[in-house]
Amino acid sequence: MTKYLIAGLGNIGPEYHQTRHNIGFMVVDALAKAAGAQFKDGRYGFTATLSVKGRSLLLLKPSTFMNLSGNAVRYWLQKENVPIENLLVVVDDIALPFGTLRLKPKGSDAGHNGLKHIAATLGTEAYARLRFGIGNDFPKGCQIDYVLGHFPPEERERMPERLETAGEMVKSFCLAGIDITMNRYNKRPAPQGKEKREKETVGAGAEGKLSPTDKHTAAAAAHTVNASCNMPADE
């Protein structure tokens, strides 16, 4: 049975649960839930296995924190004898609007320290990645607070459909290959939510507590910035 490693990037710990930076965890969680698969704690991360039409998909959530993601990816590639062309990394991307999904066969890390560490550890940037757009609606210097913040209600409303589509792309990558999957999905625009359709103003109802950026500096540095700020929570 052909094996694939699907690595969803994120940070462990309740303070990071379902934050923007953890969208990789959310995608593989949704895949496992749909298949009735359970994650188990292992070396460098949590894994679950599911079979899709003769392919074996090993879902991985690294427990290393974002900046050391490469340690988990390298370990499980070697342990399961998965060739690098069968590796798919699922990652958040602030350069894409929320919900936009883009599959790429290779590329630079674009300032994302999870991707940077994977490339450094594997010795190559030639591995596939599924980029899940989280938007970039934050003031200058506030990137850390933004990516470690939670999705606002209008984006949470759209999340189930976006996670389902991301899961379809993962399975298509394994079954049909990267070229067919890119042609099939990359040009699809992300469906607009109710707030967008009604052209409501951005930022309504965003009040609350600050994001915990003073904790776990290794995780907070996953996107490099020179300052932090007080971003409102999205709950």
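Analyst: Contact here means heavy atoms within 4.5 Å. The model is predicted, so local features need pLDDT of at least 70 and side-chain atom pairs pLDDT 80 or more, while totals for chains, interfaces and linings use all residues. Numbering starts from 1 along each chain as its sequence is written, and side-chain values use heavy atoms, without hydrogens or water.

Start with Ile-6. Beyond its neighbours within four places in sequence, Ile-6 is in contact with Val-28, with the run Leu-57, Leu-58, Leu-59 and Leu-60, and with Leu-88, Val-90, Val-170 and Cys-174.

Now helix α1, residues 23-35. Its buried residues (under 20% relative accessible area; exposed is over 50%, partly exposed in between; 1.4 Å probe, protein chains only) are Ile-23, Gly-24, Phe-25, Met-26, Val-27, Val-28, Leu-31 and Ala-32. Their cover includes the strands β1 (2-8), β3 (45-52), β4 (55-62), β5 (87-93) and β7 (128-133), along with α5. Helices (H or I, at least four residues) and strands (E, at least two) are DSSP runs, numbered from the N terminus.

The axes of α1 and α5 come within 9 Å and cross at roughly 75°. Axes are fitted to C-alpha atoms, over the stretch in contact for helices, with angles from 0 to 180 degrees between N-to-C directions. On the α1 side, the contact uses Ile-23, Met-26, Val-27, Ala-30 and Leu-31. Facing them on α5 are Met-159, Leu-163, Ala-166, Gly-167, Val-170 and Lys-171. Val-170 is also one of the contacts of Ile-6.

α5 has another partner. Its axis and that of helix α6 (residues 178-185) come within 8 Å and cross at roughly 150°. From α5, Thr-165, Glu-168, Met-169, Ser-172 and Phe-173 take part. From α6, the residues are Ile-178, Thr-181, Arg-184 and Tyr-185.

End at Asn-186, in the loop between α6 and α7 (194-197). Asn-186 is buried, at 15% relative accessible area. Leaving out residues up to four places away in sequence, Asn-186 touches Leu-101, Arg-102, Leu-103, Met-169 and Thr-181. Met-169 and Thr-181 also belong to the α5 and α6 contact.
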